[in-house]
Amino acid sequence: MEKKEEVHSEVKELTILEKVANAHGFENWKTISHIKYTFNVDRDSSHFERTWLWEPKTNNVVLTTREDTVRYNRMSMDSTIMKTDGGFINDKFWLLGPFQLVWDQNNFTYEHEANSDAPISKEAMQKLTIVYGSEGGYTPGDAYDFYFGEDYRIKEWVFRKGNQEEPSMITSWEDYKNLNGLHIASMHKMPDSDFMLYFTGIEVK
């Protein structure tokens, strides 16, 4: 009688970056071919908005504002489109920040704390700090502190320009929407302020 060999399949332990990304639906990203959203900022009585359509499989991007429509492909950009693309990168980071943890992981260093007081709620949460390298990209050297609970879903974050100690911006991550398996925070509020950064008209296909 032949002895059967036991096969042990190694389960790869996920990094903290992957755990946070997956908690926001990153595993479903590979099926997405179209994402459209309007990036809005309200501050005092002013309102700013711009709408993006991104086809990640082809990297085609369309920007629509009240004044203009700009179309380009991120694989073939020239200097005239860099400012537009900088806006795209900024707005996409707000929309898909958890996914950037995987996409950009070769461009930053990171630290994870199991217990830290969140800046807005003062609740004890996990804290993930990423610091981008000093070269490349539109905002080299910037740092972000992500705060989340046991479900790895981001609840608050801090942006620190140039990795300075003092926060440049602190906002909530709230009003999550499940869109084709992507869990997207559609609202970001600043404490003790009427500042709101939010997304409307989100389409995910």
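Contact here means that heavy atoms lie within 4.5 Å of each other. Keep that in mind as you move through this predicted model.

**Stop one: threonine 200**

Select threonine 200, which you will find in strand 12, spanning residues 196–204. Now show its surroundings. Setting aside neighbours within four places in sequence, threonine 200 is in contact with Tyr37, Thr38 and Asn40.

Pick the C-alpha atoms of threonine 200 and tyrosine 37 next: they are 6.1 Å apart, although 163 residues separate the two along the chain.

**Stop two: asparagine 73**

Now jump to asparagine 73, in strand 4 (residues 69–73). With a relative accessibility of 18%, asparagine 73 counts as buried, because the cut-off for buried is under 20%.

Which backbone atoms lie by polar atoms of the asparagine 73 side chain? Select the backbone oxygen of threonine 58 to find one of them, 2.8 Å from a polar atom of that side chain. The backbone nitrogen of methionine 75 is another, at 2.7 Å from a polar atom of the asparagine 73 side chain.

Notes:
Residues are numbered from 1 along each chain as its sequence is written. This is a predicted model: local features need pLDDT of at least 70, side-chain atom pairs count only at pLDDT 80 or more; totals for chains, interfaces and linings use all residues. Side-chain values use heavy atoms; hydrogens and water are left out. Helices (H or I, at least four residues) and strands (E, at least two) are DSSP runs, numbered from the N terminus. Buried means under 20% relative accessible area, exposed over 50%, partly exposed in between (1.4 Å probe, protein chains only). A polar contact is a pair of N or O atoms within 3.5 Å; within protein, one must be able to donate a hydrogen and the other to accept it, and residues adjacent in sequence count only if both atoms are side-chain atoms.
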